[in-house]
Every structure is written in structure tokens, then in C-alpha cells.
Amino acid sequence: MGLQHHHVAATRLTIDVQLGPPDGRPFELEPPKEGSYRNDHPHYFGAVDLPPFLAALLTRQMADRHPASCDCGDDGCGGGRFLFLNKRGGHHLHGTYATHPWEKAVTGWVPARRPRRGRSSGAPARPVMVDMAEGWPGVPVTPTWPAASGTTWAPPVVRGLPRYDQPVVDARAVDCPRCRAAAGKACTSPSGDKHTHQPRIAAARAAGHIRELGLTSWLPINPRMTPPQVTALAPGVAGRDRHPHDPHP
Ligand SMILES: [Zn+2]
Ligand SMILES: [Zn+2]
């Protein structure tokens with residue numbers, strides 16, 4: 001989690017810090033566990049030589065996601081540009097990293113949630129669904145639909161589950177006439193509620209900011225398979241091929 005841009009030099013990796021504590025702020029860069037430095041100082045074993053596949057993955061990661069400062073602020077952890085931050089620019093927590101994003105990315109499943117007495121009844125594992133409108137690997141949509149069961153399937157119509165099979169209104173494409181949130185920004189309200197205001201949704205719809213999701217799943221697939229083939233193979237996961245004249249219920 002503490003890996004920074006200056007630690008990676010082509011095929012070699014320097015290890016001189018770890019990020020602690022594992023599960024929360026305030027974060028701080030600390031010496032690596034048991035003093036296990038790996039650098040070119042004569043007292044240590046030298047930087048780690050990376051196998052070619054790992055060097056290639058790190059290079060690709062840095063090209064796709066430019067290493068960036070974290071959101072710890074001025075009195076922060078003391079780090080520079082990190083390779084692995086969460087979507088909001090914060091550090092990942094050890095306690096949740098295994099289920100999100102690791103397990104989702106590796107298995108294509110959102111792990112089952114155990115019931116927690118008095119708080120939630122738990123949930124079975126669900127396929128990771130993504131919107132591929134802007135290309136692979138897509139942007140995960142949450143909450144995701146349950147896995148299909150049986151041979152017949154239709155998009156779930158359940159309270160609280162979005163109809164990803166229907167066109168969505170990009171409300172953030174326009175300013176909000178109610179709270180004055182600028183385009184691209186979330187709506188705000190005095191109560192702290194972040195729901196998008198209805199007048200904004202109506203304005204966006206009227207202005208034609210409507211689009212279809214390119215819905216598919218991260219469940220393992222044949223690497224050469226095209227999105228339409230995925231959709232045809234896994235209708236329970238990937239939505240359905242909708243005829244243009246299908247009624248939208
Ligand atoms: Zn930080
Ligand atoms: Zn608003």
C-alpha cells in the first residue's frame with residue numbers, strides 16, 4: 001500500500017517504507033517490517049529484481065493510473081506519489097482490501113456477506129457487473145444483480161436494485177437547478193443527503209443526456225471473446241440483447 005513512484009525503476013523495486021497502521025488514519029510511513037529494507041545501500045541486499053511479468057504489470061499500472069498524492073493532507077503520511085490508492089485518493093485498508101477490490105478483480109465475484117446479528121441478513125456472492133460503455137475493463141456498477149439461476153432469466157425488478165438494462169440519465173451532465181451543484185459535481189443538501197435532485201434528472205433527460213450501459217461481467221471469460229458474445233453467452237449476468245422495439249416497462 002505504501003508503494004510509490006520513486007520505488008520502481010524499470011525492473012527493480014526499492015523497499016524502504018511500509019504504510020501503517022493497517023486499518024485507519026492517521027496513516028504514517030514507517031520502516032518496513034523487521035527492518036527488511038531492500039535498497040542499494042551497502043548494508044542491505046540491494047533492490048529487489050522483479051520478474052519480467054511483474055515489471056510489465058507495474059509499468060502498465062503506472063501508465064494507466066498515474067501515481068498520485070494521497071488525500072492525507074499536509075500533516076499526512078509523508079508519502080509522495082502512490083501507485084495504489086482507492087477511487088477517492090485515499091489509502092486502501094488492509095481489512096477490506098481482500099474483498100474489495102482484490103477478490104472482485106481476481107474471481108469476478110462480489111464475495112458473500114455474512115449475516116450480522118441485528119444489522120443485516122447477509123447476502124450470497126454475486127457476479128461483478130461493469131459498464132463497458134467506455135471500454136474494458138469497465139466501471140463496476142453497485143449494487144450488482146444476483147447471479148442467474150435456472151434457464152429462464154429476466155432483469156430483476158426488485159426495489160433497491162437499479163434497472164441497469166434500461167437507459168440511464170446522466171444527471172451530472174447538467175447543473176442542478178435545485179441546489180446549484182455544477183455539472184460533474186454531486187448534489188448536496190443541508191441534511192448531508194447526496195441524492196440527485198429530481199429537477200436535475202428531469203433537466204438532464206430533457207437535454208438528451210441519456211445513454212445505455214454496456215453491461216457485462218468480470219466473471220472469467222475467453223480472452224478473445226467480444227462483448228456481444230459475452231452478452232449472448234451469459235444473459236443472466238450480462239443483460240440481454242434488447243430488440244430496439246422492445247417496450248421499456
Ligand atoms: Zn497518505
Ligand atoms: Zn441538486
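Predicted model: local features only at pLDDT ≥ 70, side-chain atom pairs only at ≥ 80, totals over all residues.
Let's start with the metal. Which residues hold the zinc ion (ligand 2)? The protein donors are Cys176 (SG), Cys179 (SG), Cys187 (SG) and His197 (ND1). They lie 2.0 to 2.3 Å from the zinc ion. Look along the chain, and the donors follow the spacing C-x2-C-x7-C-x9-H.

Now the geometry. The 4 donor atoms subtend angles of 105 to 112° around the zinc ion (ligand 2), so the arrangement is tetrahedral. For four tetrahedral donors, the ideal angle is 109.5 degrees.

Is Cys187 buried or exposed? Cys187 is buried, and its relative accessible area is 1%.

Next, the sheet. Here 3 strands form an open sheet, in the order S1-S2-S5, with antiparallel pairing. Strand S1 (8-9) and strand S5 (48-49) stand at the edges. Each has a single partner strand, so one side of each has no neighbour in the sheet. Sheet strands pair through backbone hydrogen bonds.

Zoom in on one pair. S1 and strand S2 (residues 12-13) run antiparallel and are joined by 2 bridges. Within this pair, Val8 stands opposite Leu13 in S2.

Last stop, Asp165. Where does Asp165 lie? Find the loop between strand S9 (139-140) and strand S10 (168-169); Asp165 is there. Asp165 is buried, because its relative accessible area is 9%, and under 20% counts as buried. Its side chain also has a partner: a polar contact of 2.9 Å joins Asp165 to the side chain of Arg163.

Technical notes
Residues numbered from 1 in each chain as written. Chains lettered and ligands numbered in written order. Heavy atoms only, no water. Helix = DSSP H or I, 4+ residues; strand = E, 2+ residues; numbered from the N terminus. Buried < 20%, exposed > 50% of the residue type's maximum accessible area, 1.4 Å probe, protein only. Polar contact = N/O pair within 3.5 Å; in protein donor to acceptor, adjacent residues only side chain to side chain. Pairing = 2+ DSSP bridges. Donors = N, O, S within 2.8 Å, 3.2 Å for Na, K, Ca; no water. Tetrahedral: all angles 85-135°; square planar, octahedral: opposite > 155°, others 65-115°.
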